Amino acid sequence: MTIPPVLSRLRLPVIGSPLFIISNPDLVIAQCKAGVVGSFPALNAREKEGEPIELERWLTRITEELDRHNQANPDQPAAPFAVNQIVHRSNARLERDVEICVKHKVPVWITSLGAQEWVNEAAHSVGGITLHDVINNRFARKAIEKGADGLIAVAAGAGGHAGALSPMALVQEIREWFDGPLALSGAIATGDSILAAQAMGADFAYIGSAFIATEEANAVAGYKQMIADSGASDIVYSNLFTGVWGNYLKPSIAAAGMDPDNLERSAPSTMDFGPNRQKPKSWKEIWGSGQGIGAVKEVVPAAVLVDRLEREYRAARDRLFRAVPA
Ligand SMILES: Cc1cc2nc3c(=O)[nH]c(=O)nc-3n(C[C@H](O)[C@H](O)[C@H](O)COP(=O)(O)O)c2cc1C
C-alpha cells in the first residue's frame, strides 16, 4: 500500500472535506496550516458577471499564504490543499475550472458525481493526484478504471449526499481489490474515529460536518450553533431537498415549517449544479450535516478542532496499544 508523497506528511491522516457554500479560503488555509488537508468546491468561488474570476483569486491567495507559512515554518509545513470538481453534466463551469486548476498546479483534486478520464489527465499533467468519491464498490471500480488515483468511500451517516452502506462493509469490499489511497467519509468527528478508519483499512479520515462549527467556516451563526447543540438523533436522511439522498439537521427542517419525521420523497433527481442552482426559498435554511456531530460541543477556530482531534487520536492509540500490546 502506498501513500502518494503529497499526502505522506500530514500531522494527522485527515482531509477536511469540501462543503458547498461553507468552505472558503479562510477555512482551507486554517486547515492546511493546522496540518490537515483543506479543500473547497471550485463552485464555491463565484463572481458576478463582468467581475474578475473568483477561483483565480482564491487559488492565488491560498497558494501564497501557504507558501509564506512554509517559509516561516520549515519544520511544520502546511498540508496540501485540494479542490473539488463536481463532474456532473449540469456543471457548465467544469472545463473552465479545470483549466484554472491546471494553471495553478492544484496538488490534490477531489472529483464527485461522475468519473471522467480527461479530468484525471488534467490533474496528472501538473503532477496532481485525484481522489474520487463513491458510495459503493461498483462506482469505486469505475473511478479507478477511468484513472483516478484514489478513492473516498462515502458511507452511511455522512453529511451532504451520503451513502447508505456501513463504513466497515464499504471499506472491506474496496480493500479486497484496491490498495491505493483510500479515505473514509461519514460521521467522523473524533480522533478515536480517525484511528478506527485506519484500523478498518482506510488511509485517511474525510471530515466535513465538524468543520462547519468553526470560526472560519462560511455558515451563519445559527447553523454553527445547531451543529454544536445536536447529535445523531437530530439527523434525518431524505431525498426531498435535492432529489438525492442526504443527511440534514431536523431542527432546521422544523424551523422551515415541515415535519422532519414525515418528509415526502422527492421526484427523480433534481440535481442542478448550473448557474441557476438554488434551493426554493423555503428550503434556504435547511442545513446539511452528518451523524457524527455529537462530538462537537462548541464553535472553535479550525486549529483548535484539529488540536482536539490530535489529542484524542494519540490517546486512543495509547489506549489500544495498552489493551493489545504489540
Ligand atoms: C453542508 C454540506 C455540504 C457539502 N457539500 C459538498 C460538496 O460541495 N462537494 C462534495 O464533494 N461533498 C460535499 N459534502 C460532503 C462532504 O464532502 C463529506 O463527504 C461529508 O461531509 C463527510 O461526512 P461528515 O459530514 O459526517 O463528516 C457536503 C457535506 C455537507 C455537510
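Colleague: Which residues of helix 1 are buried?

Modeller: Pro25, Leu27, Val28, Ile29, Ala30, Gln31, Cys32 and Lys33 are. Bear in mind that we're reading a predicted model here. As a general idea, an α-helix has 3.6 residues a turn, so residues three or four places apart point the same way. In this case, eight of the nine residues in helix 1 (residues 25-33) are buried, so the helix is largely enclosed by the rest of the structure.

Colleague: What do the buried residues of helix 1 pack against?

Modeller: Quite a list: strand 1 (14-16), strand 2 (38-41), helix 2 (54-72), strand 3, helix 8 (209-212) and helix 11. Just after helix 1, have a look at glycine 35, which takes a positive phi of about 100°.

Colleague: Now a strand. Are the faces of strand 4 covered or uncovered?

Modeller: The general idea first: in a regular strand the side chains alternate between the two faces of the sheet. For strand 4, both faces are covered, with Val108, Ile110 and Ser112 buried on one side and Trp109 and Thr111 buried on the other. Because five of the five residues of strand 4 (residues 108-112) are buried, this strand is largely enclosed by the rest of the structure.

Colleague: In what sense do strand 3 and strand 4 pair, and over how many bridges?

Modeller: Strand 3 (residues 81-86) pairs with strand 4 in the parallel sense, over five bridges. If you want one to find on screen, glutamine 85 has threonine 111 of strand 4 as its bridge partner.

Colleague: Which residue has a positive phi although it is not a glycine?

Modeller: Leucine 113 is one, with phi of about 65°. Leucine 113 sits in the loop between strand 4 and helix 4. With 18 other C-beta atoms within 10 Å, leucine 113 is partly exposed. Alanine 187 is in the loop between strand 7 (182-185) and helix 7 (191-200), and it is buried, with 28 other C-beta atoms within 10 Å.

Colleague: Does lysine 284 count as buried or exposed?

Modeller: Exposed, because lysine 284 has 10 C-beta neighbours inside 10 Å, and the cut-off for exposed is 12 or fewer. Lysine 284 belongs to the loop between helix 10 (250-255) and helix 11 (302-323).

Colleague: Let's zoom out. What domains does the assignment give?

Modeller: Domain 1 (5-219 + 301-323) and domain 2 (221-291). Their C-alpha centres lie 22 Å apart. The contact takes 20 residues from domain 1 and 17 residues from domain 2. On the domain 1 side, that's 10 nonpolar, 10 polar and no charged residues.

Colleague: Why does the ligand lie between the domains?

Modeller: Because domain 1 and domain 2 both give residues to the shell around the ligand. There are 25 residues surrounding the ligand, and the closest are Ser17, Gly159, Gly160, Gly208 and Gly290. By class, the shell has 11 nonpolar, 13 polar and one charged residues.

Conventions: Residues numbered from 1 in each chain as written. Predicted model: local features only at pLDDT ≥ 70, side-chain atom pairs only at ≥ 80, totals over all residues. Near = placed C-beta within 6 Å. Nonpolar A, V, L, I, M, F, W, Y, C, P; charged D, E, K, R; others polar. Domains from an automatic or database assignment. Buried ≥ 20, exposed ≤ 12 C-beta atoms within 10 Å, placed from the backbone. Helix = DSSP H or I, 4+ residues; strand = E, 2+ residues; numbered from the N terminus. Pairing = 2+ DSSP bridges. Contact = placed C-beta atoms within 7 Å.
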